[in-house]
Protein chains: 2
Amino acid sequence: MTTQQLIDQIRIKKSFLTVGLDVDLNKIPKHLLDLEDPIFEFNKAIIDATHDLAVSYKPNTAFYEAYGIKGWLSLQKTINYINENYPDIFTIADAKRGDIGNTSSMYAKAFFEDLNFDSVTVAPYMGKDSVEPFLAFENKHTIMLALTSNEGAFDFQTLNVGGKELYKHVLETSKTWKNSENLMYVVGATKAEYFTEIRKIVPDSFLLVPGVGAQGGSLSEVCKYGMNANVGLLINSSRAIIYASNGTDFAEKAREEALKMQQEMAAILNDIKPN
Amino acid sequence: MTTQQLIDQIRIKKSFLTVGLDVDLNKIPKHLLDLEDPIFEFNKAIIDATHDLAVSYKPNTAFYEAYGIKGWLSLQKTINYINENYPDIFTIADAKRGDIGNTSSMYAKAFFEDLNFDSVTVAPYMGKDSVEPFLAFENKHTIMLALTSNEGAFDFQTLNVGGKELYKHVLETSKTWKNSENLMYVVGATKAEYFTEIRKIVPDSFLLVPGVGAQGGSLSEVCKYGMNANVGLLINSSRAIIYASNGTDFAEKAREEALKMQQEMAAILNDIKPN
C-alpha cells in the first residue's frame, strides 16, 4: 500500500485507528477455546466487526510466537484473511526486528514477502545497515522505534547526547538513510508534549502512536501536537478494544469501543480541516 | 543450563565456540533441496559433525522466519534435536527481541518455554521493563546487544553521552536491573580494542562475540582483551563453518573449520591457564 492510499483511507473512513491484535489465550472469551484455532477465530471476529472503523491492524508477533508453530499459523491466517477480505487495510507486523544487513534482509523477506504485511516495526540500536534492508522494499513501510510508551523509554531514549535526546538523533540520522521516505516512527502517546519537538524533525512522516487508553495517553493531546496536513498519525488501541468484553458479545463490544474512538477521530478531523 | 555448567563445558571441550546456524536455502548444498526439510537436515548434519568442538549453537531466527511456517518448524526441530541428543550444548536463539513488559514476557515464553532455548538475544533500546521479563526465568540467559559488529554500530551505540559512549551506559544501567546476573552481552569482535573498557564495567559476564572470521575480527585479540577467569567468552562463527563447502562433503568441511577454531581456542586456554 502506498502512503497516499493510506491517507485516502483515513479520509474515507474518518479514522486513523489501528487495532492492536495482541491476542492472549488467557484473555479471550472462553467459548472460543474449543475451536481449532481460537486466536484466528478471535481475530476474524474482531476484524469483521471493526474493519470499517479502523484503517489498520497490528498483530504483535510476540503473542503469536509464544504459541509456537500454532501461533505462527494463526498469524499467517490472520494476515491472509485481512489481505483477502479487506485489501484497503494497512497491515502492521509489530515485530521490532533489527539485525546486521543480510539478516535484516531475511526479516524483511519474512514480513514483506512471505507474510505480505504492508509494514513492520524495527528497533534502531544497530543503526543504518540494520534498517536499510527493510527500506529497499517498494510500497512497504518500516516503522522505527523513536520514543516508546513504556517506563523504560527513559533509560536510554532520552539520554542527553550533545544537548539533544538520543531519540532525536535517531530521528535525524534515519532521515539520511537510503529510501528514508519509507520510514514511519513509533512515538508513545504518554509523552504528548514531545510531539511538537518531533514534528520539527519529521514534519511529514507518519507516526504510529501506542499508549492511548490503557497506558494513559490522551487522543486529543496527541492530535493537537502530532497531527500534520496529511493527518500523519496512526493511533493504536489494543486491550481497550479487543478485550472490551470476554463474553460471547466480545466482537460487538469491540465494535462499540472502536466506534467511540472513530467518532472522536472524526470530530478531530472535522475540527482541524486539514488540507 | 546454569552458567557454571556452561563454564564446565568450555573446560571439558577446550572450546568456547558457538556455531551460528544462519541457514539460507540459496547457500546450502543443492543435494539437500530435494529432502522434505532441507534446513533441518543441513543443521542436523552440521551439529552431528561439530557438537564435540562447539559448546553452543545459535540459530538466527530471521533465517527461519523468512520461510514462514516451514521455517519455524525447522527451527523447532533443530532446537529439539539439540536438546534431545546433546543436552550439554548451550543454545542461543538469536532473535534480538524487545518490547513493552507484558509483550516481552510473551517473547520470553516463546523462546524459553515453547522452544526451550537456554538463552535469547535482546535489544536494549526500550530499556529496563523490556528486558526484565526475560531475566525472570531461572537458569535462562538473556544476551543483550551492547556493541555490535556491524558498521551501523557507530550510528548510535558509540554516541557520546556525558563523556561516555552509549553502549557503556547500556552496560552500566543493565547491571542495576532485577536478576541482572542472568545477563550476557553481545560485543562485536571487530572492535577488540573496546574489550578492555567493557571488562571494567562487566568483568564477570559472558560476552557473545560475533564478527570473528568473515567480518574480520581476530580471535587472539578478542581473547587478549576480553577473556576473564571463567573464560567469559562465546565466539560465534557462522558462514566460515557452515558454508565451508557446498558439496556433499559440507559437514566434513564444517568439522575441519570448527576443529581449526577449537584448536586455536585450546591453545589460548592452555596459554593463559585461567583459575
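Between chain A and chain B the count is four salt bridges. The structure is a predicted model, in which local features need pLDDT of at least 70 and side-chain atom pairs count only at pLDDT 80 or more, while totals for chains, interfaces and linings use all residues. Residues are numbered from 1 along each chain as its sequence is written, chains are lettered from A and ligands numbered from 1 in the order in which they are written, and side-chain values use heavy atoms, with hydrogens and water left out.

The interface can also be described by its contacts. Here 57 residues of chain A are in contact with 56 residues of chain B, where contact means heavy atoms within 4.5 Å. About 4,800 Å² is buried between chain A and chain B, with 65% of it on carbon and sulfur atoms; buried area is the accessible area (1.4 Å probe) that two parts lose on being put together, summed over both. Ile69(A), Tyr125(A) and Phe156(A) provide 19% of the area that chain A buries against chain B, more than any other three residues.

Polar contacts were also counted across this interface. The rule finds 26 residue pairs in polar contact between chain A and chain B, both residues being at pLDDT 80 or more. A polar contact is a pair of N or O atoms within 3.5 Å; within protein, one must be able to donate a hydrogen and the other to accept it, and residues adjacent in sequence count only if both atoms are side-chain atoms. On the side of chain A that touches chain B, helix H5 (residues 101–114) of chain A gives the largest share, eight residues. Helices (H or I, at least four residues) and strands (E, at least two) are DSSP runs, numbered from the N terminus. By residue class, that side of chain A divides into 26 nonpolar, 18 polar and 13 charged residues. In this scheme Ala, Val, Leu, Ile, Met, Phe, Trp, Tyr, Cys and Pro count as nonpolar, Asp, Glu, Lys and Arg as charged, and the others, Gly among them, as polar.

Leaving aside neighbours within four places in sequence, the contacts of Phe16(A) include Ile10(A), Val55(A), Leu219(A), Met227(A) and Leu269(A).

In chain B, His141(B) belongs to strand E5 (residues 141–147) and is buried, at 3% relative accessibility. The side chain of His141(B) reaches the backbone oxygen of Met1(B) at 2.7 Å. Not counting residues up to four places away in sequence, His141(B) also touches residues including Thr3(B), Phe90(B), Asp118(B) and Asn182(B).

Over all chains, the whole structure holds 28 salt bridges. One of them joins the side chains of Lys44(A) and Asp48(A) at 4.0 Å, N to O. Both residues lie in helix H2 (residues 38–50) of chain A, four residues apart, about one turn of the helix. Lys44(A) is partly exposed at 28%, and Asp48(A) is partly exposed at 30%. A salt bridge of 3.1 Å, N to O, pairs the side chains of Glu197(A) and Lys168(A). Glu197(A) lies in helix H9 (residues 195–201) of chain A and Lys168(A) in helix H8 (residues 166–174) of chain A, so this pair ties together parts that are 29 residues apart in sequence. Glu197(A) is partly exposed, at 30% relative accessibility, whereas Lys168(A) is buried, at 11%.

Two asparagines complete the picture. Asn116(A) has a positive phi of about 60° although it is not a glycine, and Asn116(A) sits in the loop between H5 and strand E4 (119–122) of chain A. Asn179(B) likewise has a positive phi of about 60° without being a glycine, and is found in the loop between helix H8 (166–174) and strand E8 (183–187) of chain B.

Definitions and conventions. Buried < 20%, exposed > 50% of the residue type's maximum accessible area, 1.4 Å probe, protein only.
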